Amino acid sequence: MTAEIEFVSDNSVGNGDSNNDNTIIDTEKLLWAPHGRYNCYINSLSSRQMDSLTAICDSFLPSLRPVSADSSAATFYLSSASMAATPHRIGGLISERLEHPKKWLIRLALWLLSTRLGTFILCGPRSLSTNFPFFHAFSQLSPQTREQILISWSLSFFYILRMLFKSMKLLTLLVFFSQVDEKKENLSWKAIGYCGADPEFQPQATPLKTSKQDDDGDGENEECFGPLLRALINLKHPRPIIADNLRRFGFPASLGLMKNKKVPANLSNPSLTIYCDAVVVGSGSGGGVVAGVLAKAGYKVLVLEKGSYFARSNLSLLEGPSMDQMYMSGGLLATDDMGVVVLAGSTVGGGSTINWSASIRTPKHVINEWCERYELELFDSKLYKEAMDVVCEKMGVQSEIIEEGFNNAILRKGCQELGYPLNNIPRNSPPDHYCGWCCMGCKDGRKKGTSETWLVDMVKSGNGVILPGCEAIKVLHKRRKGGQKTATGVAFQFEYAGAKDICVVESKVTIVACGALSTPPLLKRSGLKNANIGKNLHLHPVAMAWGYFPDAPNSSGAWPERDKKSYEGGIMTAMSTVVANTDQSGYGAVLQTPSLHPGMFSGLMPWISGEDMKSRMLRFSRTAHIFALARDKGSGNVHSPNSISYQMETSDEEILQKGLDKILRILAAAGAEEIGTHHCEGKSINVKKASSHEFERFVKEESSRSLRNLNTQICSAHQMGSCRMGIDPKESVVNQMGETWEVDGLFVADSSVFPTALGVNPMVTVQAIAYCTAQSVVDVLKRKKSI
């Protein structure tokens, strides 16, 4: 088939406004305006850079002749990226949202590609022609030539070109397939069999009430908005109102003396000072637990959360808006070399709000290693056993399943056919929780993250409040007479009236629980010098394989059933340990299933041409994925929340390769028609037509391919170990109580304290450690006078 690509010029794409001011959509991504439209990023790329970006986007997703008479499929094939204004959305993301340390390379590359010489440097002889002027800018090349250049980048000897390909492919496909218009629709969704937001979910159109409003009818409000409503403090109010609201909750607050209103608040003269027993930075599986325990014990607890609050019926359950609003860097986070795409929550409830429900206790072999090799008696203590019991009971953890979703049914059937070990995954949701949108928040509160459990305890106690939308900038501490430092509180900043405002919390104890990527930079900004801060980062690297299951095969009936879709059902209900401990070292990989909606699905799948990608996407709803998650020995460093260096060890790569071998066999045994991996060459095999010899050769070749050097997309949804616990300050950041070696009264309570990688989903372990740390904090507070 000959592809006809329709190129839309820069002047004809955007938001539909004839002024075309490069502004995409205006919005407020704040709790008190939750229904505003997302992605209000202003595009500051030059017109020349936009020419290059538009040409690249239209090369990844060109306009093609339809291959089907179906009107939705025809619209999808005829549409190019620029027709959907995708380049301008990406321009806004690059300008304002993307914070990767190599972002400057993208801007430089786009400028170079707008010039003839720059295009020749980046694209080589393919950019030349036999006609004057012989040299051409990238946007002047034919669609076929541009496509060939993109393929050459993906396979290039030069790492920087592979990085450029990987970043532009991910941005283009992720944005195109997840963006929504004013009707919350996407032009591709009907064609690919995707419904958008959960059809059973109806967003609440009523504005969310703030803490200063009348509290009558709380029961109805909690049903709609969740049980944290009355403990939220709106920082968009004037300072006197905020101070009054805090005092109503029993938190003394004093206003700063702002003699000159033109001079912004600063650490020495904050606009507001709040007093409490404990300040907790972060509201996820660590911070939420500590806040709940301390508040129930009678202490006044202030929770600072960088993200916003999206509760129940003011969720969007749309992939693009949800990632933009509820994930770190809008879901656009990766290691410095682009080798690993990283997902981490940034909302009230943290990762527990957007995770996939898996609630697995700390494995026994990990407990043994932490006790014996690292001499951490905590993990073999009665307290830690109690902690795991308490947190599992609090979350309602159970392993029953009434109906299994598409991906998990395939994993289960394939393992049963091959005799591989298989277990039900314990979840913090009930047996009938059949929802594929939990990665965007829980619509009915039946997934028991911290915003539905521990933070609720805090609210009901009357001893805690939550300040969403603020960022801790420094832990405050002073030196005692003996020379040891003692934590005295936290300084935080937030946007107010278009400018940064700074407030201070003065507390008796400080708990930092902002995650393995954000806790180390905060400690460093606060003047802590421990050399281990930010080191020993583990990512649980993940490699995936896919299988296509037609909904109308030649056999008598489709399996899974024709109405089953890859994005529906419980995200994680089945797990295989077939390669979890192959050498008896305790290091291996578990096989599980992901949540992939169209944006992430397209960004991870191999791209070998625009036509091939559109063909792959037409099969989206019946393409299953299974991944191998490694307990990694390799580690990295956290330089800032947006700058992460990481390198897999050879042993980690080998165990993932073993996992891919098993996954491909599982998919085939479950009845897949076609299988493949995420390797950039995009090879696949039709299982039904291949001989056993061809099948074996394919599995061995594809599973043995390199997983490094950007050849295959590696992902991470778990980050840990960057402020690890230990018995020696030369080797660790915190002691067994969770208290930092350098500053008394400063505790860390998140996944950063893990001594090593865990090897399974970390929520239960994070909460159990935080529960133990909270007991230590209570002991400290008992020795101090209550406010």
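Two strands are taken as paired if DSSP finds at least two bridges between them, and strands (E, at least two residues) and helices (H or I, at least four) are DSSP runs numbered from the N terminus. The views below show a predicted model, in which local features need pLDDT of at least 70 and side-chain atom pairs count only at pLDDT 80 or more, while totals for chains, interfaces and linings use all residues. Residues are numbered from 1 along each chain as its sequence is written, and side-chain values use heavy atoms, with hydrogens and water left out.

**View 1. Strand β2 and its pairing partners.** Strand β2 (residues 272–281) has nine of its ten residues buried, where buried means under 20% relative accessible area, exposed over 50% and partly exposed in between, for a 1.4 Å probe and protein chains only. Strand β1 (residues 253–255) runs antiparallel to β2 and is joined to it by three bridges, with Ala-253 partnered by Ile-274 of β2. Nine bridges link β2 in the parallel sense to strand β10 (residues 499–512), and here Tyr-275 stands opposite Glu-506 of β10.

**View 2. The unit formed by β2, α11 and β3.** Together with helix α11 (residues 287–296), β2 and β3 make a right-handed β-α-β unit; right-handed here means that, with the strands pointing away from the viewer, the path from the first strand over the helix to the second runs clockwise.

**View 3. The largest nonpolar core around Phe-379.** A nonpolar core is a set of buried Ala, Val, Leu, Ile, Met, Phe, Trp, Tyr and Cys residues joined through side-chain atoms within 4.5 Å. The largest has 185 residues, and those with the most contacts inside it include Trp-153, Phe-379 and Ile-511. Helix α23 (residues 763–782) gives the most to this core, with 13 residues. Leaving aside neighbours within four places in sequence, Phe-379 is in contact (heavy atoms within 4.5 Å) with Ile-367, Trp-370, Cys-371, Tyr-384, Met-725 and Ile-769.

**View 4. The surroundings of Ser-732.** Ser-732 is found in the loop between β19 (714–716) and β20 (743–744), and this serine counts as buried because its relative accessible area is 2%. Beyond residues up to four places away in sequence, Ser-732 touches several residues, among them Asn-530, Asn-532, Arg-724 and Trp-741. Asn-536 lies 196 residues from Ser-732 in sequence, yet the two are 9.6 Å apart in space, C-alpha to C-alpha.
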